[in-house]
Amino acid sequence: MKITAIRTHILHHDLDQPFQSSFSVFRARRHCLVEIETDTGLTGWGECLGPADINAAVVASMAPLAIGANPLDIEIIWLTLYNQFRDQGQRGVMHTALSGIDIALWDIAGKHHDAPIHQLMGGAWRKSIPAYATGGFRPEGGDHATACAADMAQYVREGFGAVKIKIGYGIESDMRAIAAVREAIGPDAELMIDANHGYDVVDAVTVGQRAAEFNVLWFEEPVVPESLGAYQQVCARQPLPVAAGETWHGRWAVAEALKQRTVHILQPDVCGIGGLSEARKILTLADIDQVRVVPHVWGTAVALAAGLHFHAILPPMPPSHEQFSPRLEFDRTHNPFRQAIVTQPIEHQNGFVAVPNGPGLGIEINRSVLESFTVS
Ligand SMILES: [Mg+2]
């Protein structure tokens with residue numbers, strides 16, 4: 001079997017109601033999918049986290065190095081591409097682009113062997129993953145606390161046992177939102193807060209100390225990811241477990257972050273860290289340091305499917321009857337093509353999402369819907 005083509009598809013939808021993270025404004029949903037074709041007719045799909053257009057450009061730059069290769073030589077292709085792009089890309093878009101290619105190769109391998117990816121990776125520890133609802137961004141021109149509380153209460157009514165809201169809009173505003181959400185979801189639902197690195201150490205410590213009374217499960221990306229020393233300080237000076245890792249790409253970045261004891265919870269994203277191949281290596285690093293892994297997921301059903309296979313292979317940690325169960329990040333913000341591009345949407349049932357069991361990623365792309373959202 002040989003790779004004959006590597007294509008990208010940029011999907012786009014303008015949002016009627018833009019929303020903000022601590023530092024950015026989402027006016028549209030825009031994601032980059034990777035499709036790999038082979039001479040046997042098998043095709044594989046992957047997805048890249050982050051800016052779609054740059055990812056597409058890097059995938060296009062990598063493609064000639066992989067065309068003609070056996071798509072089952074996943075490790076060889078990964079390292080060949082990495083070695084060629086290393087000098088300008090030890091972090092960032094080189095890894096996110098490579099992630100999309102790697103996931104598509106695993107999809108082909110699964111279809112070739114007629115087995116789901118989690119089976120090829122050694123087997124699923126779990127077939128159904130408890131999901132948490134991600135949302136709670138600040139609507140542009142709207143009140144964060146009010147919008148957040150209403151949305152999160154709705155997610156809990158839909159069956160989610162856990163929700164995550166965005167913060168990083170100023171301490172007093174954030175505390176209002178956290179208090180309103182806790183009030184709205186009741187005492188039992190789990191609540192996480194994500195600052196998207198919108199704070200410095202001084203303010204992050206204050207937020208963590210004040211948020212603790214609202215029973216927060218983790219404090220995500222309190223400070224900028226490149227400052228590992230800042231993470232050490234936030235860990236040491238406030239009581240909430242600290243989570244991060246969605247922008248630590250590749251084994252070397254994660255190894256350094258773990259070595260410096262920066263987080264209690266590591267959040268690799270298979271569409272960013274270098275694909276399923278690299279994500280699996282990260283599990284070994286996390287195991288050595290006994291750091292909890294709760295993957296980050298942000299994208300279409302392709303990213304969700306890849307994330308679910310990764311969740312399935314997370315080893316039990318600690319190896320006990322009452323071990324912590326990883327949660328699947330389940331984005332609830334508006335995205336009309338997220339599920340529409342697959343023939344069978346990946347939905348939750350009372351807060352749980354089943355791991356796909358078909359060959360490869362276990363999804364089938366709906367071409368006509370895909371094309372209706374594709375921009376050149
Ligand atoms: Mg995050």
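In this predicted model, helix 7 and helix 8 meet through a set of side-by-side residues: Val 201, Ala 204, Val 205 and Gly 208 in helix 7 are in contact with Ala 230, Gln 233, Val 234 and Arg 237 in helix 8. Sorted by class, this contact has five nonpolar residues, two polar ones and one charged one.

Two packed helices are described by the angle between their axes and the distance between the axes. For helix 7, which covers residues 201-211, and helix 8, which covers residues 228-237, the angle is about 30 degrees and the axes lie 9 Å apart. Angles under 35 degrees count as roughly parallel, so helix 7 is roughly parallel to helix 8. The crossing of helix 7 with helix 8 is right-handed.

| Helix | Residues | Residues in the contact |
|---|---|---|
| Helix 7 | 201-211 | Val 201, Ala 204, Val 205, Gly 208 |
| Helix 8 | 228-237 | Ala 230, Gln 233, Val 234, Arg 237 |

The protein as a whole has twelve helices and 14 strands. Its radius of gyration is 20 Å, close to the 21 Å that the globule rule gives for 376 residues, so the protein is as compact as a globular protein of that length. The C-alpha trace spans about 60 × 45 × 40 Å along the principal axes.

Of the 376 residues, 51% count as buried. Among contacts between residues at least 6 apart in sequence, 74% join residues at least 24 apart.

Note on methods. Residues are numbered from 1 along each chain as its sequence is written. This is a predicted model: local features need pLDDT of at least 70, side-chain atom pairs count only at pLDDT 80 or more; totals for chains, interfaces and linings use all residues. Axes are lines fitted to C-alpha atoms, for helices over the stretch in contact, and angles run from 0 to 180 degrees between N-to-C directions. Helices (H or I, at least four residues) and strands (E, at least two) are DSSP runs, numbered from the N terminus. Angles under 35 degrees count as roughly parallel, over 145 as roughly antiparallel, 65 to 115 as roughly perpendicular and the rest as oblique. A crossing is left-handed if the near helix is turned anticlockwise from the far one by less than a right angle, and right-handed if clockwise. Two residues are in contact if their C-beta atoms, placed from the backbone, lie within 7 Å. Ala, Val, Leu, Ile, Met, Phe, Trp, Tyr, Cys and Pro count as nonpolar, Asp, Glu, Lys and Arg as charged, and the others, Gly among them, as polar. The radius of gyration is taken over C-alpha atoms; the globule rule is 2.2 Å times the number of residues to the power 0.38. A residue is buried if 20 or more other C-beta atoms lie within 10 Å of its own, exposed if 12 or fewer, and partly exposed in between; C-beta atoms are placed from the backbone.
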